Amino acid sequence: SASGIITFKNSLDLQSTFKEIPSEKLLIETDSPFLAPVPVRGKKNEPSYIKYTLKKLSEIKNIDLKSLEEITTNNFNSLFFV
């Protein structure tokens, strides 16, 4: 599960790891109230900031935002509601 940490400039190893994870295994999380993503790093994390993590993960995976949103939502539903 990708948290705001993947948006940090020094998280290149973590970003490389997420590049290799199959899309059907991806989840995203807020890790609230800690580890707010860039550009709100240093603030108290909140669920509305997940959009920054999603955006960074879409760049890492080279998947458009809408598709990645659908993928991670489907993965969440498959994991918790099967």
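Good morning. Buried, in this talk, means under 20% relative accessible area. The model I am presenting is a predicted one. By that cut-off, T53 counts as buried, because its relative accessibility is 2%.

Let me begin with the surroundings of T53. This residue lies in helix α2. Residues up to four places away in sequence aside, T53 touches A2, S3, G4, I6, T7 and P37. I shall take two of these partners in turn, S3 and P37.

S3 is located in the segment before α1, the helix that spans 12–20. S3 is also buried, since its relative accessible area is 10%. Beyond its neighbours within four places in sequence, S3 is in contact with E29, D31 and T53. The residue beside it, A2, has a contact list that includes E29 and T53 as well. On the same terms, A2 also meets F18, L27, I28 and L57.

How far apart are P37 and G4 in sequence and in space? They are separated by 33 residues in sequence, yet their C-alpha atoms are 4.0 Å apart. G4 is accordingly listed among the contacts of P37, together with T7, F8, N45, Y49, Y52 and T53, once neighbours within four places in sequence are left aside.

In soluble globular proteins, nonpolar side chains tend to be buried together. In this model, the largest nonpolar core has 9 residues: A2, I6, F18, L26, L54, L57, I60, I63 and L68. Which helix gives the largest share of this core? That is helix α2, residues 50–61, with 3 residues.

Finally, helix α3. This helix covers residues 65–80, 16 residues in number, and reaches 22 Å from its first C-alpha to its last, close to the 22 Å expected at 1.5 Å a residue. Which residues of α3 are buried? They are L68, T72 and N75. Because these residues cover an arc of only 60 degrees around the axis, they are on the same side of α3. The buried residues of α3 pack against α2.

Thank you for your attention.

Note on methods:
Residues are numbered from 1 along each chain as its sequence is written. This is a predicted model: local features need pLDDT of at least 70, side-chain atom pairs count only at pLDDT 80 or more; totals for chains, interfaces and linings use all residues. Side-chain values use heavy atoms; hydrogens and water are left out. A nonpolar core is a set of buried Ala, Val, Leu, Ile, Met, Phe, Trp, Tyr and Cys residues joined through side-chain atoms within 4.5 Å. Buried means under 20% relative accessible area, exposed over 50%, partly exposed in between (1.4 Å probe, protein chains only). Helices (H or I, at least four residues) and strands (E, at least two) are DSSP runs, numbered from the N terminus. Contact means heavy atoms within 4.5 Å. The expected span of a helix is 1.5 Å times one less than its number of residues. The arc is that of the directions from the helix axis to the C-beta atoms.
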